[in-house]
Amino acid sequence: MIAQDIVMILVYTFPMFLFTIFPALKLADYLEHKYEIQEHQKRMVIVVITFLGALILATLLQLM
């Protein structure tokens, strides 16, 4: 049962990328202006925040 839940969470993660890309871009822009991060760091922030946000949304969707 737990393996099925994990698979469903990972399946739900892919559509959630659509909802988390824009907030990740805005957060990365904010960090770039406030802390003057480099372009490479900005891209890493976008990828990490997008993936984590999608994973959190997918987990909440599965648990409800």
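Predicted model: local features only at pLDDT ≥ 70, side-chain atom pairs only at ≥ 80, totals over all residues.
**Entry 1: burial and overall form**

I then looked up the overall dimensions, and the C-alpha trace of the protein chain spans about 45 × 15 × 15 Å along its principal axes. The radius of gyration is 14 Å, whereas a compact globule of 64 residues would have one near 11 Å; the radius is taken over C-alpha atoms, and the globule rule is 2.2 Å times the number of residues to the power 0.38.

**Entry 2: surface, charges and contacts**

The accessible surface of the protein chain comes to about 5100 Å², and 74% of that surface belongs to carbon and sulfur atoms; the areas come from the Shrake-Rupley method with a 1.4 Å probe, and for residues only the protein chains shown count as cover.

Next I looked up the charges, and the mean positions of the 4 positive and 5 negative charges of the protein chain are 5 Å apart. Here Lys and Arg count as positive and Asp and Glu as negative, while His and the chain ends are not counted; the place of a charge is NZ of Lys, CZ of Arg, CG of Asp or CD of Glu.

Of the contacts in the protein chain with a separation of 6 or more, 70% are between residues 24 or more positions apart, with contact meaning heavy atoms within 4.5 Å.

**Entry 3: helix H2 and its cover**

Helix H2 covers residues 39–63, and its 25 residues reach 36 Å from the first C-alpha to the last, close to the 36 Å expected at 1.5 Å a residue; the expected span is 1.5 Å times one less than the number of residues. Which residues are buried in H2? I listed Lys42, Val45, Ile46, Thr50, Gly53, Ala54 and Ala58. An α-helix has 3.6 residues a turn, so residues three or four places apart point the same way. What covers the buried residues of H2 includes helix H1 (2–35).

**Entry 4: Ala54, Thr13 and Phe17**

I followed alanine 54, which lies in helix H2 and is buried, with a relative accessible area of 0%. Not counting residues up to four places away in sequence, alanine 54 touches Thr13, Met16, Phe17 and Thr20.

Threonine 13 lies in helix H1 and counts as buried at 3% relative accessibility; its contacts, leaving aside neighbours within four places in sequence, are Phe51, Ala54, Leu55 and Ala58. Phenylalanine 17, also in helix H1, is partly exposed, with a relative accessible area of 22%, and with the neighbours within four places left aside, phenylalanine 17 is in contact with Thr50, Phe51 and Ala54.

Alanine 24 lies in helix H1 and is buried at a relative accessible area of 0%; leaving aside its neighbours within four places in sequence, alanine 24 is in contact with Ile46, Ile49 and Thr50.

Is lysine 42 buried or exposed? Lysine 42, in helix H2, counts as buried at 12% relative accessibility, and lysine 42 touches Ala28, Asp29, Glu32 and Ile37, not counting residues up to four places away in sequence.

**Entry 5: the loop**

Last I looked up glutamate 36, which sits in the loop between H1 and H2 and is exposed, with a relative accessible area of 68%. Glutamate 36 has a positive phi of about 50° although it is not a glycine. Most residues other than glycine have a negative phi.

How values were computed. Residues numbered from 1 in each chain as written. Heavy atoms only, no water. Helix = DSSP H or I, 4+ residues; strand = E, 2+ residues; numbered from the N terminus. Buried < 20%, exposed > 50% of the residue type's maximum accessible area, 1.4 Å probe, protein only.
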